[in-house]
Amino acid sequence: MNGVEIDSLSFCYRDSKQEILHEIGTPVEAGEFVCILGQSGCGKSTLLRLLAGLEKPTGGSIRIDGEEIRGASLSRGMVFQDYGLFPWMSAGENIVLALRQRFPEMTKAEKKALALSMLEKVGLQREIYSKLPKSLSGGMKQRCAIAQAFAIDPPILLMDEPFGALDAVTRAKLQDLVLELWESGERSRKKTVFFVTHDVDEAILLADHIIVLGQRPSRIIYELRIPEEKRAKRETQFVDPEIISMRNELIRQINQDVEQHIGE
Amino acid sequence: MFDIHYFLEVLPKVFAKTPVTLEIALIAAFFSLLLGMIIAVIAYYRLPLLYPAARAFVSFMRGTPIVAQLYFFYFGVAVYSALVRDMTPVTAVSLVLSLNVGAFMSESIRAALLSVDDGQREAALSLGMSNLQIVRRIIIPQALRVALPPLFNDFINLIKASSLAFMLGVPDIMGAARTEGSRTYRYFEIYGAVMVVYWVVITAFDFLRKLLEKRCAAAF
């Protein structure tokens with residue numbers, strides 16, 4: 001379950017006539033890792049915010065297992081590029097806060113234990129529990145945000161350029177971590193992930209379903225489903241001819257769209 | 001010539017009236033904070049009908065002198081209202097100060113509410129929090145830290161503005177000074193002492209603010 005049906009979805013802000021998203025439609029199967037790829041300002045994040053329920057569509061709909069979404073919900077966890085952690089609470093307290101929302105029946109000790117085990121799972125030491133976000137590096141903060149998102153174990157996970165502000169090495173490590181957590185899916189079935197990025201290589205590495213959004217108004221200009229056996233691997237991502245031609249095609253599609261809009 | 005002996009004699013006399021000043025200041029601080037919060041929330045959510053009314057109130061309170069407000073209320077409104085005529089001066093001053101400083105505090109609080117990033121509200125929403133929970137758990141803890149310095153400023157102004165109470169015959173610090181002045185005419189020493197007392201009182205509160213701010217600032 002947790003398939004997502006995006007159906008001729010359109011969106012524009014209340015006080016503007018400019019359409020941001022134009023009739024976006026695609027079925028997403030449960031357990032898919034969807035990368036939403038596109039240039040800055042093309043509406044990727046807006047699409048994610050609609051999926052999160054933070055914005056209301058002005059046309060079309062998003063249905064999860066046939067049911068239209070209404071407002072934000074714990075069943076759709078969100079990892080933001082920055083605001084993920086509340087700055088006046090320690091890393092551990094942030095995770096506990098999320099757990100308190102998700103599992104109100106848990107005791108304090110249980111929540112703390114689960115938070116600690118999640119921190120460990122994302123490769124952080126137990127001492128991080130009591131550290132304030134400001135004293136953590138960008139990579140550590142995102143690890144915490146990922147720990148928080150996986151702790152509440154939502155069937156659908158939304159990630160808005162979560163690694164956009166990280167250095168290349170940290171980014172690669174966290175990509176592996178997210179893939180590992182997604183593939184293991186031990187506490188429940190595999191999550192359906194929507195991952196916004198402007199990085200073609202990141203999309204190729206992570207996704208088994210890539211949606212390329214064009215510009216003004218944003219619509220799907222290219223879509224790609226990658227079967228399990230053809231998924232990219234980090235070691236061969238830049239040598240496998242099939243992956244390279246996939247990459248070239250993605251870049252060609254994006255450039256074509258960009259050229260069409262130059263001088264507009 | 002400056003008479004240090006008289007200065008030291010008058011200083012405790014004036015200082016002895018600090019409780020009266022503090023009584024007015026603290027009562028008014030409580031109610032102005034309450035009023036300020038209510039107005040700030042009205043402005044923050046732009047509640048229909050209430051918002052324009054609140055704006056007009058704030059504009060009026062900020063745009064007219066306290067002395068005029070005090071006289072208008074205690075002597076002007078009293079002409080038509082038995083309630084105001086029967087009011088003790090302390091109550092009247094506290095009330096006017098509450099309204100006046102409440103208007104200022106509402107602006108300090110509103111600015112603090114606006115300082116909380118919208119991204120955090122959204123993060124909280126996606127954690128499934130209700131609007132009320134977001135206000136209580138996300139907005140207030142952060143806005144409080146931001147609001148503290150300007151609110152303390154408002155409070156300091158409130159303490160000083162309470163000195164107007166003597167104009168209605170309240171025996172506060174200024175009242176004691178006036179009584180003393182009409183007896184000895186040594187205004188230099190008397191009002192010198194008055195300023196020293198206010199300065200000491202406000203510095204004491206400022207010390208409290210520093211402690212509070214230090215405790216609150218840890219996360220940022």
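**View 1. Buried residues of helix α1 (residues 44–52) of chain A in the predicted model**. In α1(A), the buried residues are A:Lys44, A:Thr46, A:Leu47, A:Leu48, A:Arg49, A:Leu50, A:Leu51 and A:Ala52. A residue is buried if 20 or more other C-beta atoms, placed from the backbone, lie within 10 Å of its own. Helices are DSSP runs of H or I with at least four residues, strands are runs of E with at least two, and both are numbered from the N terminus. Eight of the nine residues of α1(A) are buried, so the helix is largely enclosed by the rest of the structure.

Residues are numbered from 1 along each chain as its sequence is written, with chains lettered from A and ligands numbered from 1 in the order in which they are written. Because the model is predicted, local features need pLDDT of at least 70 and side-chain atom pairs count only at pLDDT 80 or more, while totals for chains, interfaces and linings use all residues.

**View 2. The largest nonpolar core**. A nonpolar core is a set of buried Ala, Val, Leu, Ile, Met, Phe, Trp, Tyr and Cys residues joined through C-beta atoms within 7 Å. This one has 81 residues, of which A:Val34, A:Ile36 and A:Phe195 touch the most other members. Helix α4 (residues 138–151) of chain A gives the largest share, eight residues. Domain 1 (4–75 + 156–261) and domain 2 (84–153) of chain A both contribute, so the core lies between them; the domain bounds come from an automatic or database assignment. Beyond four places in sequence, the contacts of A:Ile36 include A:Lys44, A:Leu47, A:Phe194 and A:Leu213. Two residues are in contact if their C-beta atoms, placed from the backbone, lie within 7 Å.

**View 3. Packing of α4(A) with helix α5 (residues 168–184) of chain A**. The two axes, lines fitted to C-alpha atoms over the stretch in contact, come within 11 Å and cross at roughly 10°. The helices are therefore roughly parallel, a term for angles under 35 degrees between N-to-C directions, on a range from 0 to 180 degrees. Among the contact residues are A:Ile146 and A:Phe150 of α4(A) and A:Leu174 and A:Leu177 of α5(A).

View 4. B:Ala54 is buried, with 22 other C-beta atoms within 10 Å. Outside four places in sequence, B:Ala54 is in contact with B:Ile39, B:Ile42 and B:Ala43.

Notes
A residue is buried if 20 or more other C-beta atoms lie within 10 Å of its own, exposed if 12 or fewer, and partly exposed in between; C-beta atoms are placed from the backbone. Angles under 35 degrees count as roughly parallel, over 145 as roughly antiparallel, 65 to 115 as roughly perpendicular and the rest as oblique.
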